[in-house]
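Visitor: I am new to this one. Please show me the structure, and then let me ask about it.

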Amino acid sequence: MQVITSLLHLQPNCCNPNKNKLLRHRLICWCYKAMSSSSNSQPGAFTTLRETVTFKQEIKKSKFIAIAGHIRDQQFANSFLSQVKDPKATHNCWAYKVGDQYRSTDDGELSGTAGKPIQAAIEASGLDRFMVVVIRHFGGILLGSGGLVRAYGRTTAECLKNAPTRFEKSKVPMGVEVPFELLGLVYHQLPSLKVQDINQDYETGTEGTTMVAFKVDFDQAESLKDALKNLCSRELEFY
């Protein structure tokens, strides 16, 4: 959607405005189709964390602090990690899950003794789109490989055990060309169809139309198309 927002602000070519408008239209239509295809690769409903949760415990004088929170993608994961990690800690180990994508790190612990146990606990929780960072302040007693695996795995599991959750549906981007005379009617109806992030641009649609973009629940895309077609009593071009 950020790519499309940038395209919507392209300035017209004063030497050939018609050619520029056609180019803008083709570019944005291509972007909608590409984004829709990407978003629909793994559409679905999922349960995630409703809020950030924390769990602390001490094991052989080492303090383990697990912090778990909702993320949408890798960029959100990087931001979450920057917010919660402790630069003074001995280790900031983490793992996250976004759909079928997993990532983890041991952050200096013995290989496979921190990130993987955190990831295993994440997978066992049945939740999605969230990250767990386990901070360790070393207490002077070595735990060994088995002890580290148990410590990181159990700390993560306890953190997620009673964490509040919420049910969500993944959303897909859509675009539709709306005739100028029907724009008010469509805008009045869109809120009742539970769409988000509505944008429009008069310079993008084909002759006599404007492009309206939004996001909708993955399982409501087809019914939304039918609703808008029935509302406008005509065929509409969707992207």
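## A strand residue and its partners

Guide: Start with Q57, which touches S62, K63, F64, A151, R154 and T155 once residues up to four places away in sequence are set aside. Bear in mind that this is a predicted model.

Visitor: In which strand is the place of Q57?
Guide: Q57 belongs to a strand that covers residues 53–59. That strand is β2.

Visitor: Is Q57 buried, partly exposed or exposed?
Guide: Buried needs under 20% relative accessible area, and exposed needs over 50%. Q57 has 24%, so Q57 is partly exposed.

Visitor: How far apart in space are Q57 and A151, C-alpha to C-alpha?
Guide: In sequence, 94 residues separate Q57 and A151. Even so, A151 is among the residues that Q57 touches. From C-alpha to C-alpha, the distance is 9.3 Å.

Visitor: Which side chain does a polar contact of 2.7 Å join to Q57?
Guide: The list of residues touched by Q57 includes A151, R154 and T155. The polar contact of 2.7 Å runs between side chains, and the partner of Q57 is T155.

Visitor: At roughly what angle do the axes of α4 and α5 cross?
Guide: Helix α4 spans residues 115–125, and helix α5 spans residues 144–161. Their axes come within 8 Å. The crossing is right-handed. The angle is roughly 30°.

Visitor: How many nonpolar residues are in the contact of α4 with α5?
Guide: From α4 come P117, I118, A121, I122 and S125. From α5 come V149, Y152, G153, T156, A157 and L160. By class, 3 are polar and none is charged, and the nonpolar count is 8.

Visitor: Where is the place of D128, and is D128 buried or exposed?
Guide: D128 sits in the loop between α4 and β6. Its relative accessible area is 8%. The limit for buried is under 20%, so D128 is buried.

Visitor: Which backbone nitrogen does the side chain of D128 reach?
Guide: Beyond its neighbours within four places in sequence, D128 is in contact with F46, T47, T48, K97, V98 and G99. At 2.9 Å, its side chain reaches the backbone nitrogen of G99.

Visitor: Which residues is K97 in contact with, leaving aside neighbours within four places in sequence?
Guide: K97 lies in strand β4, residues 91–98. K97 is buried, at 13% relative accessible area. Its contacts are Y102, I122, L127, D128, R129 and F130.

Visitor: What is phi of R129 near?
Guide: Most residues other than glycine have a negative phi. R129 is not glycine, yet its phi is positive. R129 lies in the loop between α4 and β6, and counts as buried at 16% relative accessibility. Its phi is near 55°.

Visitor: Is K194 buried or exposed?
Guide: K194 also has a positive phi, near 60°. Its place is in the loop between α6 and β9. Its relative accessible area is 64%, and over 50% counts as exposed, so K194 is exposed.

Visitor: How many disulfides does the count come to?
Guide: C93 is buried at 0% relative accessibility, and C159 is buried at 5%. A disulfide needs a pair of cysteine sulfur atoms within 2.5 Å. By this rule the count is 0.

Visitor: What share of the residues of the protein chain count as buried?
Guide: The protein chain has 7 helices and 11 strands. Its length is 239 residues. The buried share is 43%.

Notes
Residues are numbered from 1 along each chain as its sequence is written. This is a predicted model: local features need pLDDT of at least 70, side-chain atom pairs count only at pLDDT 80 or more; totals for chains, interfaces and linings use all residues. Side-chain values use heavy atoms; hydrogens and water are left out. Buried means under 20% relative accessible area, exposed over 50%, partly exposed in between (1.4 Å probe, protein chains only). Axes are lines fitted to C-alpha atoms, for helices over the stretch in contact, and angles run from 0 to 180 degrees between N-to-C directions. Helices (H or I, at least four residues) and strands (E, at least two) are DSSP runs, numbered from the N terminus. A crossing is left-handed if the near helix is turned anticlockwise from the far one by less than a right angle, and right-handed if clockwise. Contact means heavy atoms within 4.5 Å. Ala, Val, Leu, Ile, Met, Phe, Trp, Tyr, Cys and Pro count as nonpolar, Asp, Glu, Lys and Arg as charged, and the others, Gly among them, as polar. A polar contact is a pair of N or O atoms within 3.5 Å; within protein, one must be able to donate a hydrogen and the other to accept it, and residues adjacent in sequence count only if both atoms are side-chain atoms.
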